[in-house]
Each structure stands twice: as C-alpha cells, then as structure tokens.
Number of protein chains: 2
Amino acid sequence: MSAEAAVREVAQRARVASRGLALATRAQKDATLHAMADALLARSEEVLAANAEDVARAEADGTPPNIIDRLRLTDERLAGMAQGLRDVAGLADPVGEVVRGGVLANGLELRQVRVPFGVVGMIYEARPNVTADAAGICLKSGNAVLLRGSSSARSSNAAIVAVLRDAVAASGLEADVVQLVPGDSHDSVKALMRARGLVDVLIPRGGAGLIQSVVNDSTVPVIETGVGNCHVYVDRAADLDKALPLVLNAKTHRTSVCNAAESLLVHADVAEEFLPRVVAALQEAGVTIHGDDAFGSYDDVVVATDDDWGTEYLSLDIAARVVPDLDAALEHIRTWSSGHTDAIVTEDQGAARRFVAEVDSAAVLVNASTRFTDGGEFGFGAEIGISTQKLHARGPMGLPEMTSTKYVVIGDGHVR
Amino acid sequence: MSAEAAVREVAQRARVASRGLALATRAQKDATLHAMADALLARSEEVLAANAEDVARAEADGTPPNIIDRLRLTDERLAGMAQGLRDVAGLADPVGEVVRGGVLANGLELRQVRVPFGVVGMIYEARPNVTADAAGICLKSGNAVLLRGSSSARSSNAAIVAVLRDAVAASGLEADVVQLVPGDSHDSVKALMRARGLVDVLIPRGGAGLIQSVVNDSTVPVIETGVGNCHVYVDRAADLDKALPLVLNAKTHRTSVCNAAESLLVHADVAEEFLPRVVAALQEAGVTIHGDDAFGSYDDVVVATDDDWGTEYLSLDIAARVVPDLDAALEHIRTWSSGHTDAIVTEDQGAARRFVAEVDSAAVLVNASTRFTDGGEFGFGAEIGISTQKLHARGPMGLPEMTSTKYVVIGDGHVR
C-alpha cells in the first residue's frame with residue numbers, strides 16, 4: 001500500500017471513530033484519561049524498553065547528548081506524562097459549552113455551542129511525552145488524533161500509543177480515536193497534509209523549517225505554532241532594578257523554549273547606566289551578546305548582523321541594540337519579531353499603552369518576563385502549543401482552542 | 001510591472017495603512033462610515049454611469065438577464081448600500097473587546113483582547129454592492145481591505161472604491177485602507193493568494209469553483225464561505241402542518257442563496273400522507289422535484305441520481321428521498337451535506353436532540369426554515385459571509401469574526 005493510501009486509511013478510521021467520541025460524556029472521557037494514565041504506569045517496562053531502543057539507535061547515530069536527553073524516558077518522566085493525563089481529566093469539558101445564546105425577536109432560540117473539530121493531525125519532533133499530552137488533550141476536546149512524531153522516537157511512540165489505545169478500548173471508546181500515522185518517510189507527512197476532508201486541522205510543533213514546510217504544502221487547515229523571536233525593550237522610563245532580573249530571567253531561565261527572549265532593545269537615555277550592568281550580568285550567566293556598536297564597546301561582545309535580529313537562538317545567545325526612542329523600538333520589533341511575545345519594561349503609562357497597542361504579537365507584556373507566555377502560566381491547565389497565527393487561535397492554546405462551534409436554532413415551524 | 005509586483009505593492013500599502021486604522025477610535029471609524037455613505041449618495045451619478053458601462057458590456061456579451069440584474073445598480077440599490085454602511089456604524093466596535101481576563105495567582109493581570117487581523121483580501125463575484133459592504137465591515141473591524149471583484153463589474157467597483165477612498169481620506173484616515181486589487185487577469189488573483197505575510201486572511205465569496213481554487217492554491221489563510229447543499233428532514237414525528245410551509249419556504253423563498261434548501265428527506269412512516277401534499281405544493285410553486293423511487297411515482301418527478309444528492313441547485317429544483325428512519329437521514333446528510341445548514345422537522349425531543357448532536361454542520365435547525373442561517377436573521381447587524389469551515393469562524397460571520405485576539409499581560413517586574 002502506498003504511503004498515501006495507508007495514511008488515508010487511518011484518517012478514515014479516525015473520522016468514523018471521531019463520531020462516537022464527539023458524543024461521549026465528560027464522565028466517559030475523564031474515566032478514559034485516568035485509565036490511560038494507569039496503563040502508562042502499569043506498562044512502564046514495555047514503554048521504557050521501547051524507549052531504550054530509540055536511545056541506543058540515537059547514540060549509535062552520534063546524536064548530540066542534549067537531543068538524546070529530550071528523547072530519553074524515565075520512570076519519573078512517565079509519571080509526569082500520567083499526571084498530565086489526570087490533569088486534563090480535571091479540566092472543564094469544552095464540548096457543549098454555550099459560547100453565546102438567546103432568543104431572537106421572532107421567538108427562535110439561537111445558541112452557539114462548542115463542538116470538536118473531528119480529526120486533528122499532530123506533526124512533532126523528538127520528545128515522546130508530546131505523544132501522551134496530545135492524545136489526552138485531543139481526547140478531552142472530543143477529537144480523534146493522528147500522531148506523527150519524530151522517526152527518532154518511533155519505538156517509544158509506538159509503545160505509548162499501543163498502551164493508550166488499549167486503555168481507550170477498555171474504557172468503552174473506540175481505540176481508533178488515537179492512532180499513529182503509519183510510515184517513517186516524508187511521504188506519510190505529505191499524505192497527512194493532503195488529506196483535506198478527512199483531517200480537519202493540522203498542528204505542527206517543532207522548528208521553523210518543519211512549520212514552514214507544513215504551512216506551504218498543506219491543503220488541510222494549519223495552526224502555526226511556536227517560533228519565538230521574542231524581544232525585551234527597556235524603556236527610558238524603566239525601573240532598571242526591575243529590568244535587570246527580568247532580562248536575565250527572559251533569556252536564561254530556560255533557553256530552548258519559544259518564549260525565551262532572543263533580542264534586547266535599550267533606550268539610549270538609559271544605555272549609559274544600564275549597559276554595563278546588563279552586559280556584566282548576562283555574561284556572568286554565560287550568555288554571548290551579539291551587539292550593535294553601543295554594546296560592541298564592551299569586552300567579549302560579538303558584532304551583530306541583520307541575521308542576529310531575525311534569529312531564534314534557543315541558546316545562551318542574545319542580540320542587543322540601543323535604540324534612540326520608543327518609535328525605533330517599535331519599528332525594530334515590527335521588522336524582526338516573529339509575533340510570539342514581546343515585552344516592555346517601563347514605569348511610563350503612556351509608553352506602556354503605546355507598546356501594547358502597536359506591537360502586533362500573540363502576547364504583549366509590560367514589566368513581566370517573556371517566559372510567562374505559556375498555557376500553564378496563563379492558567380489553562382493544558383496546552384497543545386502556542387499559536388503564532390491570527391486565525392482561530394493566537395497565543396497559548398488550551399482545550400477551548402481545540403474546538404469549533406455550531407449554531408443550534410430551535411423554532412416551532414418558523415419560516416421567513 | 002508584473003501582476004505579482006502590482007499586487008504586492010498595494011498589499012504593502014494596505015499593510016502600512018492598516019497600522020493607523022488599528023489604532024483609530026470607534027468615533028473616528030463611525031464618522032468615516034457615515035462619510036462613505038454620504039459620498040455614495042452625493043456621487044451617485046458617477047457610480048451609476050460606471051455601472052451602465054458594465055451593464056452595456058455584459059449585454060453586448062450576451063450575459064443572461066438574471067446575471068445582469070445582479071450587476072445593475074439603481075438609486076434604490078445605492079441607497080441600500082449607503083444604509084448598510086450606516087448600519088455598520090451603529091454596531092459595537094469589536095476592537096478592544098476583552099474576551100476574557102483576570103488576575104493570575106502571582107498578581108499578573110491577564111487580558112485577551114480583540115485586535116484587527118491587519119489586511120483582509122476579498123475575492124468575490126458579480127454584485128457590486130459587496131464592494132461597499134466589505135469595505136464598511138473591514139473598516140469598522142479595523143482591517144485594511146483589498147477588493148478583487150468580478151471583472152464584469154470592474155467599472156462599477158472602480159467608481160465605488162474611488163468614492164469611498166475620497167471619503168476615507170476626507171475623514172482623516174488613510175485612503176489605502178480601501179483598495180482595489182489591480183489587474184483583471186487570474187494572475188492578480190493568484191498573486192493575492194500568494195501574498196502570505198502581507199495579507200492576513202483571504203475570504204472568497206462566490207461559487208464552489210472559485211472557493212475550491214482559492215482553498216487549493218492559497219498560502220494566505222482562507223476562510224471558506226458559502227456553498228450550501230442544505231437539507232430538510234421531515235421526521236416520523238413531524239407536525240406535517242408545520243413541515244409543509246417550512247419546506248416551501250426553505251426551497252422557494254429565495255433560490256439563489258446558499259441557505260436555500262436543496263434536498264428533502266422524508267421518513268417512510270409519514271411518506272404516504274406527506275408526499276402527495278409536498279409534491280403538489282412544490283410543483284405548484286414551480287419546483288422541479290428530482291426524486292427517488294417513492295417520489296418518482298408522482299407525475300412530473302425527474303429520476304434523481306447521486307449527482308442530485310450532491311448538487312447545490314440555486315434554482316427551483318429539489319432532490320427528494322424517502323428514508324426508512326432517522327439513522328438513514330443522518331447517514332444521507334453525513335454523506336452529502338456541504339456542512340452549511342441542515343434542518344429537522346419533528347415534535348420528538350429525542351429525535352431533535354440526536355439530529356442536533358450528530359449533524360456536523362455550521363447551523364443545525366429544529367422546526368425552522370434553513371433560510372434563517374444569516375447574519376441579519378441572527379441579529380449580527382452585518383455579515384461578511386457564511387463560513388463553512390471549522391477553523392476560526394463557522395456560520396454567519398459578523399464583526400467579531402473579522403478580528404483576531406492578543407494577550408496583554410501587565411506585571412510589576414514579574415519573573416519566573
């Protein structure tokens with residue numbers, strides 16, 4: 001069977017299974033999520049053995065240690081995955097929520113209610129915990145899911161999905177609501193992107209290259225996630241004692257994540273006072289500064305090029321520039337931001353107001369670290385990714401963002 | 001200049017102009033909308049003269065009278081367009097609306113607020129009134145708009161846009177928030193579909209062919225609108241005295257619209273009583289019935305093929321079938337519906353509940369004509385189209401559906 005035929009077959013099965021799932025009660029879904037968590041713990045040896053195969057293969061291929069660390073599962077990480085499923089069980093069911101409703105002048109009852117999409121395709125890289133997270137979030141939001149993880153994690157993903165499917169079936173729902181996309185080649189990804197009508201939405205999670213290729217080639221509607229070239233702008237009216245720890249936190253708290261800061265802009269009026277402090281603090285934390293001329297006058301600062309302004313480093317690097325005023329900061333961000341998260345540090349209400357109004361990003365922060373743009377931090381309880389597009393969902397996506405809506409209209413023989 | 005370069009240039013100008021529009025107050029936008037309405041009336045001779053050119057060209061080309069009627073403008077229709085702009089001025093401004101908000105446990109203030117998309121591309125056929133409607137809705141929702149109407153209406157559209165742009169500029173906003181897409185060829189449509197990054201969303205309005213081609217070829221995110229293969233299902237528990245006028249209204253009230261009924265399903269238990277009544281009433285109203293065997297036993301009923309079940313006639317034709325039970329009705333709708341609007345006629349609460357839950361369409365109606373799926377009827381005040389997709393917006397789209405959102409987070413030096 002061709003990759004396309006194989007993918008269409010699982011998508012068709014997902015479509016059929018999604019109908020029953022869409023009608024499942026919250027009680028059924030929550031019981032299933034707990035059963036999935038129980039099964040992951042009960043069959044941990046099986047999953048860890050499969051994961052050991054992936055790790056051994058990666059080591060033989062000379063994969064860098066930090067990538068292998070992302071790939072590796074432990075009893076502790078499995079416990080985290082199980083807890084994640086239980087956490088999703090504890091969240092409100094978005095399906096059936098009445099978004100708006102009322103009675104029209106002619107007596108028709110009108111309600112807009114949340115309904116599942118149907119079938120969701122997830123394309124993601126490396127970390128096998130995403131397999132359980134995505135399965136849990138999709139199941140709770142009433143969607144069948146087709147999972148296409150990294151081929152480097154194929155044994156782990158196959159084992160996790162086998163365990164989850166058994167738990168789903170034992171709980172009385174159809175196992176086909178959770179499926180792996182068959183095939184390791186790019187052909188299977190391509191087939192998934194072309195399964196319009198069978199797959200309702202595709203969510204790519206990973207590097208810029210993966211996301212760009214999905215956006216360009218998919219005929220299935222896509223929700224873009226995650227590329228974060230995030231800025232911190234230290235205004236002339238900044239409280240520098242707040243600005244310093246904030247910049248450090250945004251850059252160094254965790255470097256491999258999309259909400260880490262990648263660029264620092266400093267107003268010229270505070271440069272003389274702030275630059276020595278921030279350069280010293282960043283360098284002490286191990287950060288390489290890619291700076292403009294002003295930053296370049298400090299030791300060990302690398303000269304920045306336009307490439308630096310546009311780069312999501314995901315490492316202990318930061319691009320840094322002094323700007324003459326707020327307008328220049330806004331212009332820099334308009335030119336280079338990926339539209340994920342940008343922050344201003346200021347005590348000036350007018351500057352904050354302008355920054356919030358004019359920066360066109362999923363999240364705009366005042367006097368807070370970029371690291372707060374996160375479903376967990378926002379209190380959503382679970383997150384499938386962070387959308388950087390404007391259609392449907394923007395910013396961290398929780399359970400409600402994994403649904404569509406339907407208008408229900410009740411009359412008594414009404415005609416126009 | 002190539003079509004692509006020309007389109008990118010207007011899109012770039014729209015992008016720049018959209019920034020000022022995004023910051024405009026409701027008062028500024030409403031004053032501009034009234035100025036646009038005033039200008040259309042004040043310069044009606046100019047617009048009608050341009051329209052007369054389009055009509056003369058269409059007549060010379062042998063265009064059918066019903067298409068020419070859609071193309072033709074009159075003083076009355078211009079007055080309707082002006083009133084439409086004033087109606088939009090009277091609607092609440094969606095921009096800045098707080099969708100949700102609160103204070104997190106750590107004291108961060110979190111708000112999700114509505115913001116404009118930025119630049120909206122409209123691709124539409126025939127009726128020149130759409131030009132003013134779309135310009136008004138986009139302006140009120142803070143979006144710059146690129147209008148690509150039918151080439152048969154090119155003189156009318158050019159005149160309307162010239163009038164509207166003058167009014168926009170005289171009101172103090174940038175004229176480039178309303179622009180025509182240059183060029184008449186398909187190349188300009190193609191360039192619009194490829195202007196990802198410059199254009200935020202494309203909304204095609206027109207026939208299935210147009211919409212399909214935009215969905216397949218566009219790299220700009222698309223909101224699909226309008227194809228309506230709508231069903232009315234008359235259940236065994238239907239009140240036939242309600243069902244008869246409802247079927248007639250859904251089919252004959254206006255045939256050229258997407259919410260007109262195109263298929264009739266009748267439960268076998270009521271077929272003997274209902275078929276003679278509904279066949280007679282539909283035929284008396286001039287409707288051609290494309291029926292299955294049961295309907296085929298009546299005079300003048302044409303034999304239906306699978307093509308009929310899948311056709312959006314947009315004319316005085318209806319496909320008709322007797323089904324053995326509710327399950328068969330649901331299966332027929334699942335197979336053939338375009339996901340726009342489907343209605344059940346029943347007094348049985350259980351049947352209504354199943355139909356509402358299981359029919360996967362933008363609008364599901366109980367004991368009401370399909371003709372009610374409409375932004376005006378739903379009380380939205382203005383409608384840019386009816387989305388038949390599941391991402392972002394589903395069903396009639398009013399002003400809020402023409403916006404994205406942004407998270408605004410206010411702290412006081414918060415770090416993680």
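## How chains A and B meet

Strand β16 (residues 403-414) of chain A runs parallel to β13(B), and five bridges join them. Strands here are DSSP runs (E, at least two residues), numbered from the N terminus, and two strands pair if DSSP finds at least two bridges between them. Within this pairing, A:I410 stands opposite B:V366 in β13(B).

A word on the ground rules: this is a predicted model, where local features need pLDDT of at least 70, side-chain atom pairs count only at pLDDT 80 or more, and totals for chains, interfaces and linings use all residues. Residues are numbered from 1 along each chain as its sequence is written, chains are lettered from A and ligands numbered from 1 in the order written, and side-chain values use heavy atoms, with hydrogens and water left out.

Now for the contact as a whole (contact means heavy atoms within 4.5 Å). Here are the tallies:

| Item | Value |
|---|---|
| Contact residues from chain B | 66 residues |
| Contact residues from chain A | 66 residues |
| Salt bridges between chain B and chain A | 10 salt bridges |

A salt bridge puts a side-chain nitrogen of Lys or Arg within 4 Å of a carboxyl oxygen of Asp or Glu. One such link has the side chains of A:R100 and B:E401 meeting at 2.8 Å, N to O.

And how do the copies relate?

How values were computed:
Helices (H or I, at least four residues) and strands (E, at least two) are DSSP runs, numbered from the N terminus.
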